[in-house]
Amino acid sequence: MDKRAYNSIQNFSKIIYTKAVVNKEDLPKKEEIVILTYKGKFVAKALYNPNSVIIKILTTKNEDIDYDFFYKRILNAKLYREEILNYKNTYRWIYAEGDELPTIIFDKYNELGAMQLMSKLIEKKYLNEIIEALFELSDLETIYVKKGKKGEKIKDKIFGNKKKFETVIQEGEAKFKVNVKGHKTGFFLDQRENRLYLERFIKEGDRVLDVCCYTGGFSVHAAIRGAEVVGVDLSKKALKTAEENMELNNIPKDKYEFIEGNAFKIMEEFIEDGERFDVVILDPPAFAQTEKNLKNALRAYSSLNYLGIRLTNRMLITCSCSHHVDKELFKKTVISSAFRAKKNMVIVDYKGQAPDHPITIGNRNLEYLKCMFLSVRR
Ligand SMILES: C[S@@+](CC[C@H](N)C(=O)[O-])C[C@H]1O[C@@H](n2cnc3c(N)ncnc32)[C@H](O)[C@@H]1O
């Protein structure tokens, strides 16, 4: 590999660009574990995929990739969640490079686990070992495996109790039904701290609009603090669960309404009808899936925030989970939407993903979630 890639690995980076490999002719034709060297000396074992522009580092030790390797990494990941973060039964247990386990995402919801896997090679050669270690280290009864983003050709698999796909998790005072067959791993654990933080800004009787509410994450926390909530989402299935989550938390039926439809259109209609809310929450999907569609994505963030700002009387909580829109760029986009709406606002706080989605010093690319809390200046 070239000097730059060598230096970045010495600085704990878990990815290098394939173009940094000097002897490209030595690279295999299919996905494989390769040994990376610098000036003839061993540097790392890494996961190489000819369809990817990056190579993912597995280890910088000359060790075997086997059951013990995965067991140690999975144990370390668990200790970080339970001993440092003090998280209990429910957490993101494996966050790919953030836990030195590239291509693996794993969430634990009490006794139910959900994995997203991006590597066919890991599936074929190591999945059984990984599952064995997860069961060994926990009270898990069922693990559901599905393909992650770019994880082509990986078929869904169930390990353990084959009938269990649903459980109820606790988040502060809120309870949520989680179905691992839902979006991604079933629930957006990355927003956990932001949903809890929202509660301090809610007053009894507030009107709250939760845009892209999914299964009612922010909605339930707002309702628990006494708000009347309107949630909007494209997914009928997610909204059904959102209603069930309200019932699960004993929120009276007249305190919430969930609307199925396109957020942009519904918000425009609200503006026309003169509807206003005390708090507006915007948590859309990643509009920028790739660097290429960044321009369109920024336009979408800008419109959504403009509408949200117009609809709020007191607070806006606005999020972006696009990797390609960094913190500063998202902030600029939100601020320019506020200028356009001619509303003076205070940046109350600017938060990110929950710490069970660790960002290491050598891998700041692991940071993706942005969550700004703003208030309207009177
Ligand atoms: C990141 S998730 C929201 C997670 C949620 N805030 C929570 O805490 O669980 C994004 C949601 O946006 C919804 N969505 C995507 N495009 C939409 C659109 N144009 N209008 C309304 N909802 C949309 C998806 O169905 C998905 O449920």
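The model is predicted, with local features needing pLDDT of at least 70 and side-chain atom pairs counting only at pLDDT 80 or more, while totals for chains, interfaces and linings use all residues. Residues are numbered from 1 along each chain as its sequence is written, and side-chain values use heavy atoms, with hydrogens and water left out.

**Exercise 1.** Describe the shell of residues around the ligand.

*Solution.* Next, sort the shell by residue type, which gives nine nonpolar, five polar and three charged residues. In this sorting Ala, Val, Leu, Ile, Met, Phe, Trp, Tyr, Cys and Pro are nonpolar, Asp, Glu, Lys and Arg are charged, and the others, Gly among them, are polar.

**Exercise 2.** Find polar contacts (pairs of N or O atoms within 3.5 Å) of the ligand.

*Solution.* Look at the backbone, where an N or O atom of A263 lies 2.8 Å from a nitrogen atom of the ligand, and where an N or O atom of L234 lies 3.2 Å from a ligand nitrogen. Then turn to side chains: a polar atom of N262 is 3.4 Å from a nitrogen atom of the ligand. Finally, consider the surface, for the ligand taken alone exposes 610 Å², and the protein buries 91% of that (Shrake-Rupley method, 1.4 Å probe).

**Exercise 3.** Classify how helix α8 packs against α7 and α9.

*Solution.* Take α7 (residues 263-272) and α8 (residues 294-311) to start with: their axes, lines fitted to C-alpha atoms over the stretch in contact, come within 10 Å and cross at roughly 30°. That makes α7 roughly parallel to α8 (an angle under 35 degrees). Now take α8 with α9 (residues 327-340), whose axes are 8 Å apart at an angle of about 45°.

How values were computed:
A residue is near a molecule or strand if one of its heavy atoms lies within 4 Å of it. A polar contact is a pair of N or O atoms within 3.5 Å; within protein, one must be able to donate a hydrogen and the other to accept it, and residues adjacent in sequence count only if both atoms are side-chain atoms. Axes are lines fitted to C-alpha atoms, for helices over the stretch in contact, and angles run from 0 to 180 degrees between N-to-C directions. Helices (H or I, at least four residues) and strands (E, at least two) are DSSP runs, numbered from the N terminus. Angles under 35 degrees count as roughly parallel, over 145 as roughly antiparallel, 65 to 115 as roughly perpendicular and the rest as oblique.
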